Amino acid sequence: MTLQWTVVALFLYVEIGIILILSLPFVSAQRWQKVFKFSIWDRVAPFWNKGFLTMIIILIVLFIDAVREVRKYSGAEPNKEAKLHPNMFDHLHMKLFRAQRNLYISGFSLFLWLVMRRIITLINQLASSIGTGAALQTQAENANQAAKKYMEDNEHLKQAMEVEKVERKSAEGKELLQKEVQKLKLELESAGHALKKSRTEAEAMRRQAQGLTQEYDRLLMEHQQLQNLQQGSGDKKDQ
């Protein structure tokens, strides 16, 4: 194997190892994204696209060269010299085998190089989507909490309004009760004045009755005295 194909084979093994590492199930996409955000990748980023395209061109050239070699040795037919020299036929088969090996190496290297680039892109997209999903979930939770808080505040406001209505009704009831009590006090005072007045009138009538009784007793006594005097004068005349 020549030096260039040895390098391509090593490059193929490195690609296989990197893809296997990127495919490990216990390493999440977010961790890979953190790894890709290291400062060393920021330094390599300006040369990454150029290196990627350069490697694609090199692999395509090697792949085309390998295809040409395969066609060259696969279309060769044994001639008279090959029949005279049997080792030359084996040499042609060996060259065809090497050309096919180089074709597979370059083809798989090119294919895995594109696959590796795509895997890295998908890992970044997956990590971004996971981060966006987590952010959206956090926003949704915050929105749910805000909605619950709003509903609780609305419920508290309703309760406060009901309490205020009850207080207003109780205040109105107290005011009406106070008015009724005041009215009853006024009526009681009026009844007290009327009772006092009636007592005064009754006392006056009692005194008047006593006066009339005394006057009647006095007149009765005078009338009795007059009768006694008349009887005394009549007895004297009879004598």
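**View 1. Trp 113, a buried ring in a predicted model.** Trp 113 has a relative accessibility of 8%, so it counts as buried, because buried means under 20% relative accessible area. Please keep in mind that this is a predicted model. Trp 113 belongs to an aromatic cluster together with Phe 11 and Phe 52. The next two views look at its partners one by one.

**View 2. Phe 11 meets Trp 113.** Searching the whole structure turns up 2 aromatic pairs. In the pair shown here, the ring centres of Phe 11 and Trp 113 are 5.2 Å apart and the planes stand at 50°, so this pair is called tilted. Where in the chain do Phe 11 and Trp 113 come from? Phe 11 sits in helix H1 (residues 3-22), while Trp 113 sits in helix H5 (residues 86-238).

View 3. Is the pair of Phe 52 and Trp 113 stacked or tilted? The pair is stacked, with 5.5 Å from centre to centre and 25° between the planes. Phe 52 lies in helix H3 (residues 39-74) and Trp 113 in helix H5, 61 residues apart, which again links distant parts of the chain. The relative accessible area of Phe 52 is 9%, so Phe 52 is buried too. Look also for Arg 117: its charged end sits over the ring of Phe 52, 4.5 Å from the ring centre.

**View 4. The largest nonpolar core.** In soluble globular proteins, nonpolar side chains tend to be buried together. Here, the largest nonpolar core has 27 residues. Which members touch the most others? They are Val 8, Leu 22, Leu 59, Trp 113 and Ile 123. The elements giving two or more residues to this core are H1, helix H2 (29-36), H3 and H5. H5 gives the most, with 11 residues.

**View 5. Leu 22 and its contacts.** Leaving aside residues up to four places away in sequence, Leu 22 touches Trp 32, Phe 36, Met 116, Ile 119, Ile 120 and Ile 123. Leu 22 and Ile 123 are both among the core members that touch the most others.

**View 6. Ser 198 and a backbone oxygen.** Ser 198 is found in helix H5. Its relative accessible area is 34%, so Ser 198 is partly exposed. A polar atom of the Ser 198 side chain lies 2.6 Å from the backbone oxygen of Leu 195.

Key:
Residues are numbered from 1 along each chain as its sequence is written. This is a predicted model: local features need pLDDT of at least 70, side-chain atom pairs count only at pLDDT 80 or more; totals for chains, interfaces and linings use all residues. Side-chain values use heavy atoms; hydrogens and water are left out. Rings of Phe, Tyr and Trp (its six-membered ring) pair if their centres lie within 6.5 Å; planes under 30 degrees apart count as stacked, over 60 as edge-to-face and the rest as tilted. Helices (H or I, at least four residues) and strands (E, at least two) are DSSP runs, numbered from the N terminus. Buried means under 20% relative accessible area, exposed over 50%, partly exposed in between (1.4 Å probe, protein chains only). A charge sits over a ring if NZ of Lys or CZ of Arg is within 6 Å of the ring centre and within 35 degrees of the ring normal. A nonpolar core is a set of buried Ala, Val, Leu, Ile, Met, Phe, Trp, Tyr and Cys residues joined through side-chain atoms within 4.5 Å. Contact means heavy atoms within 4.5 Å. A polar contact is a pair of N or O atoms within 3.5 Å; within protein, one must be able to donate a hydrogen and the other to accept it, and residues adjacent in sequence count only if both atoms are side-chain atoms.
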